[in-house]
Amino acid sequence: MWAIVRKDLSIERRTGEMITSLFLLALLVILLFAFSLEPARLRGPEFVSGLLWTTLLLAGTLTLNRSFVLERELGAWTALALAPVDRGSIYLGKTMANLIFLLTAAVLLLPLIALLLGTKGIAPTPLLPVSIFLGVLGIAAIGTLFSAMASRTRAREILLPLLSFPILAPLLIGAARTTAAGLAGEELEQIGSWMLLLGGFDVVFLTAGWMAFDYVLED
């Protein structure tokens with residue numbers, strides 16, 4: 001698993017392709033909202049949270065679409081399928097690499113959004129990083145699995161959002177709610193059910209991806 005993580009991070013360190021495209025698209029979405037809506041409507045924690053997750057979803061889809069492109073284009077897919085390792089660990093390695101890319105984007109984008117929108121009333125609590133981590137982990141877990149499935153088709157750029165967006169909807173609602181609460185200084189008791197939803201979502205889809213990746217790789 002860690003060899004896959006090191007390989008993906010090493011390629012990204014040399015090319016900067018995924019992080020650069022992710023960050024530029026995210027910046028475009030943020031600027032579009034910042035200059036098209038009235039400033040008074042942009043300054044609450046709820047709007048910052050919603051914009052963060054909308055941006056991560058759109059920009060993350062672009063990144064996740066590239067997850068298996070190199071393996072497909074350079075013929076490494078067969079090598080992965082024949083490698084004498086647990087195939088679930090390949091899925092976990094890819095998910096971990098995507099998690100790192102998306103977390104990096106979230107850490108950079110959240111203060112940028114708050115700064116550009118002039119957000120007020122923010123009192124971050126420890127719930128904020130936990131909420132972001134659980135939400136991003138869910139996007140990485142589902143996106144990596146569906147990216148592997150879509151990578152064998154010509155319409156992978158269309159197929160990935162078609163497959164993943166309906167499943168990601170409850171995760172994104174929960175992530176937006178808990179992130180807004182973490183920004184506004186709410187207590188865990190007020191959003192405990194949402195945090196449980198995020199944690200349960202991650203466990204279910206990480207397990208499903210780990211178990212199903214054997215069949216995805218065979219196809």
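The structure is a predicted model, in which local features need pLDDT of at least 70 and side-chain atom pairs count only at pLDDT 80 or more, while totals for chains, interfaces and linings use all residues. Residues are numbered from 1 along each chain as its sequence is written, and side-chain values use heavy atoms, with hydrogens and water left out.

Two packed helices are described by the angle between their axes and the distance between the axes. Helices are DSSP runs of H or I with at least four residues, numbered from the N terminus. Axes are lines fitted to C-alpha atoms, for helices over the stretch in contact, and angles run from 0 to 180 degrees between N-to-C directions.

Helix 2 and helix 6 pack at about 30°, with axes 10 Å apart. Helix 2 is therefore roughly parallel to helix 6, a term for angles under 35 degrees. Among the residues that meet here are M18, L22 and F23 of helix 2 and F101, L109 and L116 of helix 6; contact means heavy atoms within 4.5 Å. By class, this contact has 18 nonpolar, two polar and no charged residues. In this scheme Ala, Val, Leu, Ile, Met, Phe, Trp, Tyr, Cys and Pro count as nonpolar, Asp, Glu, Lys and Arg as charged, and the others, Gly among them, as polar.

Helix 6 (residues 87-117) also packs against helix 9 (residues 188-218), at an angle of about 120° and with axes 8 Å apart. The contact includes R87 and Y91 of helix 6 and W210 and D214 of helix 9. It has eight nonpolar, four polar and three charged residues.

The largest nonpolar core has 44 residues. Such a core is a set of buried Ala, Val, Leu, Ile, Met, Phe, Trp, Tyr and Cys residues joined through side-chain atoms within 4.5 Å, where buried means under 20% relative accessible area (1.4 Å probe, protein chains only). Helix 7 gives the most to this core, with ten residues. W53 is one of the residues with the most contacts inside the core. Beyond its neighbours within four places in sequence, W53 touches residues including I132, I139 and L172.

L160, in helix 8 (residues 156-184), counts as buried because its relative accessibility is 1%. The C-alpha atoms of L160 and T61 are 7.6 Å apart, although 99 residues separate them along the chain.

How values were computed: Helix = DSSP H or I, 4+ residues; strand = E, 2+ residues; numbered from the N terminus. Buried < 20%, exposed > 50% of the residue type's maximum accessible area, 1.4 Å probe, protein only. Parallel < 35°, antiparallel > 145°, perpendicular 65-115°, else oblique.
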